[in-house]
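Work through the exercises below with the structure open beside you. Try each task before you read its solution.

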Amino acid sequence: MKAITFESTKESKELAIRHSYREWIIGRFLHYVPNVYDFLKKMDRSAQQYIRINSLKISKDELMNRLTKRGFMFVDTIIDDVLAIKKSPFPLGATPEYLLGYYYIQDLSSCISVDAMNPEEHETNLDMCAAPGGKTTYIAQKMKNTGLLVAMELNRRRMNSIVFNLNRCGVINTCVYNMDALVAKKLGLRYDKILLDAPCTCEGVIPKDVARKNSHTPKDIENCSARQMQLIDAAINLTKKGGIVIYATCSFAPEENEVVVDHALRKHDIEIVPIKYGTEGLVRFADLEFDARVRNTRRFYPHIHNTLGFYIAKIRVN
């Protein structure tokens with residue numbers, strides 16, 4: 001579908017200049033982001049850093065003791081495996097504990113998507129767009145290195161990052177394929193649970209990469225939305241009856257989120273399972289009105305949830 005844009009206003013012009021965005025993006029934010037002034041201020045600051053403890057290799061207590069001795073300070077989060085960093089004497093990727101795979105530098109919102117998936121021992125699961133491997137390694141961790149986890153990545157240049165992280169984190173239950181998830185049925189498998197963290201415009205990672213403020217266009221949103229609809233159809237068709245699909249993006253754009261889930265609800269026999277974290281999904285945007293069940297999806301905003309921007313839909317396949 002065509003990305004929705006709005007007429008220029010004095011407010012959108014002023015905010016675009018003040019925060020160095022293209023005006024069309026600000027015009028869209030004004031129509032669906034809550035407390036947009038606080039949102040834009042938060043997006044201009046550095047993102048909160050989180051680490052996810054790798055229980056395949058170390059206990060939470062042991063890792064906390066080791067990092068405390070190195071001068072780190074941290075606090076618990078809503079996910080038991082994840083710590084929010086409050087003081088870091090040196091870069092998180094420069095410790096022996098990181099190189100040994102004792103933790104993964106990973107945003108809380110990303111970990112919530114795996115927590116919502118709830119991978120369990122001895123299942124057959126799929127990560128459809130796996131690079132660089134953060135969610136893949138967390139899924140394997142929750143499966144306790146049992147069963148079968150299939151990780152797919154279309155971009156060959158990103159394959160090394162998956163293999164490196166699987167090895168670093170001690171994952172042994174995962175098969176990695178350099179292939180398009182749209183043809184995943186060629187493997188002849190059906191899955192208990194699938195994670196589809198779909199390729200997107202990445203508006204949600206602006207606090208980490210300010211170039212994202214101006215690096216995409218409405219046409220990019222359109223292109224991403226079209227592929228995301230294809231991928232969610234493929235994911236649902238590969239899932240066993242009663243199984244779970246987690247659809248996620250790091251975009252704020254409704255065309256990449258609620259529009260895609262609304263498309264799936266109209267096409268498949270599925271239901272949306274509520275997630276206890278985040279803000280309810282939109283049920284309308286401009287002149288679009290979505291299935292009321294889309295409200296059960298969840299949005300994550302930096303100024304409300306202290307995460308990167310993220311969207312999660314938990315889908316049960318009937």
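**Exercise 1: An aromatic pair**

Phe 252 is buried, at 1% relative accessibility (buried means under 20% relative accessible area, exposed over 50%, partly exposed in between, with a 1.4 Å probe and protein chains only). This is a predicted model, in which local features need pLDDT of at least 70 and side-chain atom pairs count only at pLDDT 80 or more, while totals for chains, interfaces and linings use all residues. Residues are numbered from 1 along each chain as its sequence is written, and side-chain values use heavy atoms, with hydrogens and water left out.

Task: describe the aromatic pair that Phe 29 and Phe 252 form.

Solution. 
- Step 1. Recall the rule: rings of Phe, Tyr and Trp (its six-membered ring) pair if their centres lie within 6.5 Å; planes under 30 degrees apart count as stacked, over 60 as edge-to-face and the rest as tilted.
- Step 2. A search of the whole structure finds 12 aromatic pairs.
- Step 3. In the pair of Phe 29 and Phe 252, the centres are 5.9 Å apart and the planes make 90°, which is edge-to-face.
- Step 4. Phe 29 belongs to helix H2 (residues 23-32), and Phe 252 to the loop between strand E9 (239-249) and helix H10 (258-267), 223 residues apart. Helices (H or I, at least four residues) and strands (E, at least two) are DSSP runs, numbered from the N terminus.
- Step 5. Phe 29 is also buried, with 1% relative accessibility.

**Exercise 2: A second pair**

Task: state how Phe 39 and Tyr 301 are arranged.

Solution. 
- Step 1. Phe 39 and Tyr 301 form an edge-to-face pair, 6.4 Å centre to centre, with 90° between the planes.
- Step 2. Phe 39 lies in helix H3 (residues 36-43) and Tyr 301 in the loop between strand E14 (298-300) and helix H11 (302-305), so the pair ties together parts 262 residues apart in sequence.
- Step 3. Both Phe 39 and Tyr 301 are buried.
- Step 4. One aromatic cluster includes Phe 29, Phe 39, Phe 252 and Tyr 301.

**Exercise 3: The largest pocket**

Task: find which residues lie closest to the centre of the largest pocket.

Solution. 
- Step 1. On a 1 Å grid over the protein atoms alone, a pocket is an open set of points with protein on both sides within 12 Å along at least five of seven lines; lining residues have an atom within 4 Å of a point.
- Step 2. The largest pocket holds about 1,100 Å³ of space.
- Step 3. Of its 45 lining residues, Ala 131, Pro 132, Lys 135, Arg 158 and Asp 197 are the closest to its centre.
- Step 4. Helix H9 (218-238) is among the elements that each supply at least two lining residues; H9 gives the largest share, three residues.
- Step 5. A cis peptide bond joins Ala 131 and Pro 132, with omega about 5°. Pro 132 is in the loop between strand E5 (124-127) and helix H7 (134-142).

Terms used. On a 1 Å grid over the protein atoms alone, a cavity is a set of points where a 1.4 Å probe fits but cannot get out, and a pocket is an open set with protein on both sides within 12 Å along at least five of seven lines; lining residues have an atom within 4 Å of a point. Grid points are joined across faces, edges and corners, and a volume is the space filled by probe spheres set on the points.
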